[in-house]
Amino acid sequence: MRRERSREIKRSAVISAARQTRLLSRSQLTRLTGLSAATLTPLVRELIAEGYLLERGAEASKPGRPREMLEFNPRAELVAAVALHPHQAHCEIADSDGTVIAHADMPLGADIITTICDVVVRLVGTGISELRGVAVAVPGVTTGGEVRLAPSVGMVETSSIGEGIQARLGVPVVVDNDVNLMVVGEHAAGAGADVRDVLLLHVADGVGAGLILDGQVRRGASSAAGEVGFVPLEPDTYGNDGVGAFEARWSETAIAAHLEQIGVDSAEAPPVTSLVRAAGGDPVARDYLDQVLKAWSRLIISCACVVDPGRILLSGAAAELDDDAMSTLQDLVDGTAPARTEIRRSVLGERAVLHGAVSSALTAAGLMTHVLT
């Protein structure tokens, strides 16, 4: 047993060195791992046979005796990212570079664990032995692999889907709120890639936020951090039936309902886009847009006062604001926030949540050594 453990440690050292260096010779592997040539030779032969290492021939550019080069194969390690939506789930399979190699949409069956496992197994096919991790994005409250509440996907009681998936697939599983994974995606390769502190404000049927401070996602004591849709509007005005007071009035759904009341047609475009367009020539629509911007600015200021993220990204319907509206929103925040808070649109759009899920799955599997592209 001790000998097997020692061999596994040495094998992992070779894989880790190759993964980080990407293209290297056997002598470089010897130097990086500290292993002797006699120990390294059978390990390299084994990893070539398994597809971890690819033989790339002699290095011709160096003087002296040509060195046989080895290249790490990122497709020897795969992760799955799954985003749950009402009635549907999206799944992507990515290699350890974060490159998506397969994807599929599927109806969301009553047994969510079976739905997820079946599509992952189908997409990885003969590469199931290369699967290293899974991440699931859920539009609801999650804690430690459990979904506590996600009514839009049929989960109204606590469900340990992370444990169930791990039991079926035998790999680490991350289950997280979808907005948390959106901010992970934007931080990995989007509008927050150049900062360590960022808050993403997502406006859709509800209003939620994802927060990264010092490069780490912050979820709070009960994983409910970012539920900003429940911020009360006035004294004695609180949410009910799972809908927060703020989102009941200022979500995309609420805006769509109000546009119908004031006679603004939103059939040809999303509600916020329709409102912005109508505001250019309709005083009533202009007044309502001002109300929306003031409400969103108050929420942004509240967040800035508490966590000082420095940059706030607008996602979902909020990202539909045009440049003039964005400028107005920035001015409103600048006039009250205690510190400079830069407001930008998110750039990954619907890709953010799956991108964040891929990033989280790679991290859970210990494979996050490269910036995703």
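User: In what order do the five strands of the open sheet run?

Analyst: Happy to walk through that, and please keep in mind that this is a predicted model. As a general idea, the strands of a sheet pair through backbone hydrogen bonds, in either a parallel or an antiparallel way. Here the order is 13-12-11-14-15, and the pairing is mixed. At the edges sit strand 13 (216–217) and strand 15 (342–345), each of which pairs on one side only.

User: In which sense do strand 11 and strand 14 pair, parallel or antiparallel?

Analyst: Strand 11 (residues 198–203) and strand 14 (residues 311–316) pair in the parallel sense, over five bridges.

User: Which strands does helix 6 lie across?

Analyst: Helix 6 (residues 178–189) lies across strands 11, 12, 13 and 14, and runs at about 45 degrees to strand 12 (207–213). Helix 11 (residues 323–334) lies across strand 14 and strand 15, running at about 155 degrees to strand 15.

User: Now for single residues. Is Arg311 buried or exposed?

Analyst: Arg311, found in strand 14, counts as buried because its relative accessibility is 6%, and the cut-off for buried is under 20%. Its side chain is joined to that of Glu342 by a polar contact of 3.0 Å. Beyond its neighbours within four places in sequence, Arg311 is in contact with several residues, among them Ala191, Asp194, Val198 and Arg344.

User: And where is Ser302 placed?

Analyst: Look in helix 10 (residues 283–307) for Ser302. With a relative accessible area of 39%, Ser302 is partly exposed. Its C-alpha atom is separated by 9.8 Å from that of Val333, 31 residues apart along the chain.

User: How many disulfides does a search of the whole structure find?

Analyst: The general idea first: a disulfide is a covalent bond between the sulfur atoms of two cysteines. In this structure the search finds zero.

Methods
Residues numbered from 1 in each chain as written. Predicted model: local features only at pLDDT ≥ 70, side-chain atom pairs only at ≥ 80, totals over all residues. Heavy atoms only, no water. Pairing = 2+ DSSP bridges. Helix = DSSP H or I, 4+ residues; strand = E, 2+ residues; numbered from the N terminus. Contact = heavy atoms within 4.5 Å. Axes fitted to C-alpha atoms, helices over the stretch in contact; angles between N-to-C directions. Buried < 20%, exposed > 50% of the residue type's maximum accessible area, 1.4 Å probe, protein only. Polar contact = N/O pair within 3.5 Å; in protein donor to acceptor, adjacent residues only side chain to side chain. Disulfide = S-S within 2.5 Å.
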